[in-house]
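Biologist: I have a model open and some questions about it. Can we go through it together?
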Amino acid sequence: MLRALLLILSVVAFFFAELCKPDAQNAFKVRISIKTALGDNAYAWDANEEYLFKAMVAFAMRRYSSKSTTQISNVLLCNVTDRVSFWFVVTDSSKNVTTVPGSEVEAAIRMNRNRINNAFLLSDKTLQFLKITSTLSPPVEPSTPVWLIVFGVVLCLIVAGIVFLIVSGIQKHKKKNKESTERENLEEKVEVTLENGIPCEALDLKAGHINGVFAADDERFTSL
Amino acid sequence: LSATSEIPKEDGRPKWDNKFQYILSCIGFAVGLGNVWRFPYLCQIHGGGAFLIPYFIALLFEGIPLLHLELALGQYLRKGSIGAWNTISPYLGGVGVGSWMVSILVSLYYNTVLTWVMWYFINSFQEPLPWSVCPLNKNRTGFNEECYESTAVNYFWYRKTLNITPDTVESGTLQWWLILCLATCWAIVYLCTIRGIETTGKAIYVTAIFPYLVLTIFLIQGLTLPGATEGLIYLFTPNLNTLKNPRVWLDAATQIFFSLSLAFGGLIAFASYNPTKNDCEKDAVTVAIVNSMTSLYASIPVFSVLGFKATTAYWDCLDRNIINVINEFDLPEESIMRQNYTSWISFLNSSYPEKIAGLKLKSCDLQEFLDQSVSGTGLAFIAFTQAIVLMPGSQAWAILFFIMLFSLGLSSMFGNIEGVFTPLLELQIIPKSAPKELLSGIICLISFLIALCFTLGSGSYWIDIFDRYAASVPLLVIAFFEVIGVVYIYKIKRFSKDVEWMTGRKLNLFWHITWRFISPLLLLIVFMAFVTLQMQKPPSYTAWNPKYEGFPMKEEKVYPPWVQAICVLLAALPCVCVPLVALFHLVKQKCRSKNPSFVPPEVFSCEGASS
């Protein structure tokens, strides 16, 4: 009796061993980098962690197919290395000694990737399922691009500065005109320093009076 | 035109608030983007510390004399470039017109470079920085292909900023974000130059001093980064063998020349607002030395940061190899570290050579990463932005860096705009009653509209063309004619008397020798060497083409004939002004001498009132 039991167990174990080996059908390789993710807070990978892993995979399968038949014992791990890396398969308890198709496992893992990562305090990069690509999360895009806001602020400041300068320039110009007309009126009453009938200030302000006959062709200097 | 008392004190010409403002404006004009992104690059490729030898020789015999000449000229004649050269001799009026044209061409494209700086600046307020991550592709399974194959910084520069076309001929469309930034930049320039030196004089206090502050901050930060010492040692280790290459001497001479912003007419304009009794000799020496010291000072943080970047890239390369080896051999994590990498590799190679060969490990060499030299926009927008991403607190560093670049460029723009503005003001294009604000507004508006061409997809190729052809050969020609004109046509005896009157002491023998012989000779040699080097091969450029087989390497292309014609036009147009104007006056003189009724009279007019 005992011998028969042992024989059956060894056959089952043999088959199970056949199910889980590197590059087996429906088997996936997992690579874990705990020290990279956690540094000093890294935990050691031991049998308990393996148990948690099996539990998480079983959980993922249950959530995905909602069949509630996957047990922890259905998840087989093998070839655990120091790296830490190993292969796993999920067996189907309803059908004898077969594995759940890889596509189902992949879909289940994908759906629950976040939960699995968080159970181990790892991320997509440090807990790698080598054949399962992860959907990358899109970057957060605010409704108005930030640069447009900054640009608006800068432009407003500049326009304000320009307007201020132009207005102050116009005001200064008006004040200068008013002052010069006042001064001219004042001087006409007093004594105007004249030179050839032109007040001296005008000579300074205007471009100088050039007698057109003598300054032909702007040649004010002796040519070469 | 005799020296003494014809120039009245109060002639209504604007003047500097104080001497410091004037010196700061000249320094701001001379110190520009080239001090940060061209000088360190030249130092690196031309044998590090050894490059300083030809650099200082060129400074002594070419830079300082020409600078002194321009400042003395402007200060004495109290006119912008066109008016000043017309005063020296009507036949040399073309020199003024030529430098005025170069100032216009350079203002157009220089402000577009500032546009790019502004675009990066306003994008630095985001977390994460937009050039640090690649965007996802359409179905979110991976990254955008163009970005993935090159790097995120390259993608942001070539695609998100420039939206560059693969060829100069393909213009692409106007990039609306660049148009917005261009409008802002021209608005800033208008704001600062609205009333000529009245407003630039105030703005220069900020734009000229701020870069030094930021450079110091970057210096302190840069020296604390890992790998900074490697970068600095690499930069400054002198390799005296490079001095045997004439290319090095040529690069030193051209670098000094363009770095001091000579022959733009801006320095003449700045000096013309000075009181005449001012020591222009001391000013020239001060400005030139400060400019060179700034170049040296700027190269220290630049190379610390580049050394840091190279070290980080080297470590990344090592780490990637280590991960590959660990994964392949299923070794425990952290069994191979950077220090024992080489011993592990040799051990594994002897035991499992096929496996190692199958991994196709990249050879990581720190020297190779340090050798990747970049200058110009590549340094600022690709290399530096990548290094900034690696620093903690990247946003702050990015903001500081781009404000610094913007101030450097803006203070140089003031000089360029002054070189355009002052002669126009003197030529009285607009009536005297109209305000100065109108003229500066018109200049800025027209420049903005023309510069819209640079916001096309092919805009950066055109800016390269302008930089290479409009801002190189014409300046050498104009400077040559400046020296010859003053020394041999105006006559050095007269000029030295004028300078003596201004500075109050006799002109040093050094100036006599350099102005008469050394500087013109040097300029002639540099010009001929420069032109010969340009003519040796057909003008080509490198294009960013995602469809190229060697992508992400850039594709070498040759300019089509019509573009080459434009290059020649850009280089020749300012130069050709010089003989054209001389010819025009010659013909006018001949016509008048043929007509006997027109006797050229002696005229005594209030020359001072018209300045």
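Biologist: Which residues of helix 14 of chain B meet helix 18 of chain B?
Modeller: From helix 14 of chain B, they are Val302(B), Val305(B), Leu306(B), Phe308(B), Lys309(B) and Thr312(B). They meet Leu379(B), Ala383(B), Phe384(B), Gln386(B), Ala387(B) and Leu390(B) in helix 18 of chain B. Contact means heavy atoms within 4.5 Å. By class, this contact has nine nonpolar, two polar and one charged residues. Ala, Val, Leu, Ile, Met, Phe, Trp, Tyr, Cys and Pro count as nonpolar, Asp, Glu, Lys and Arg as charged, and the others, Gly among them, as polar.

Biologist: What ground rules apply here?
Modeller: This is a predicted model, where local features need pLDDT of at least 70, side-chain atom pairs count only at pLDDT 80 or more, and totals for chains, interfaces and linings use all residues. Residues are numbered from 1 along each chain as its sequence is written, chains are lettered from A and ligands numbered from 1 in the order written, and side-chain values use heavy atoms, leaving out hydrogens and water.

Biologist: Back to helix 14 and helix 18 of chain B. At what angle do the axes cross?
Modeller: Roughly 65°, and the axes come within 9 Å. Helix 14 spans residues 280–329 and helix 18 spans residues 377–390. So helix 14 of chain B is roughly perpendicular to helix 18 of chain B. Angles under 35 degrees count as roughly parallel, over 145 as roughly antiparallel, 65 to 115 as roughly perpendicular and the rest as oblique. Axes are lines fitted to C-alpha atoms, for helices over the stretch in contact, and angles run from 0 to 180 degrees between N-to-C directions. Helices (H or I, at least four residues) and strands (E, at least two) are DSSP runs, numbered from the N terminus.

Biologist: And helix 6 with helix 22 of chain B, at what angle do they cross?
Modeller: Roughly 150°, with the axes coming within 10 Å. That makes helix 6 of chain B roughly antiparallel to helix 22 of chain B. The residues in this contact divide into six nonpolar, two polar and one charged.

Biologist: Which ones meet there?
Modeller: Val95(B), Gly98(B), Ser99(B) and Val102(B) of helix 6 meet Pro474(B), Leu475(B), Ile478(B), Phe481(B) and Glu482(B) of helix 22.

Biologist: Is Gln221(B) buried or exposed?
Modeller: Gln221(B) is buried, at a relative accessible area of 13%. Buried means under 20% relative accessible area, exposed over 50%, partly exposed in between (1.4 Å probe, protein chains only). Gln221(B) lies in helix 10 of chain B. Leaving out residues up to four places away in sequence, Gln221(B) touches Met391(B) and Trp397(B).

Biologist: New topic. Where is Asn79(A) found?
Modeller: In the loop between strand 2 (75–78) and strand 3 (85–92) of chain A. Asn79(A) counts as partly exposed, because its relative accessibility is 44%. Beyond four places in sequence, Asn79(A) touches Pro22(A), Ser85(A), Phe86(A) and Trp87(A).

Biologist: How many helices and strands has chain A?
Modeller: Seven helices and seven strands. Of its 224 residues, 29% count as buried.

Biologist: What is the mean pLDDT of chain B?
Modeller: The mean is 88, and 96% of its residues reach 70 or more. pLDDT is the predictor's confidence in each residue, from 0 to 100. Residues 602–611 of chain B stay under 50. For the complex, the predictor gives an ipTM of 0.76 and a pTM of 0.83.
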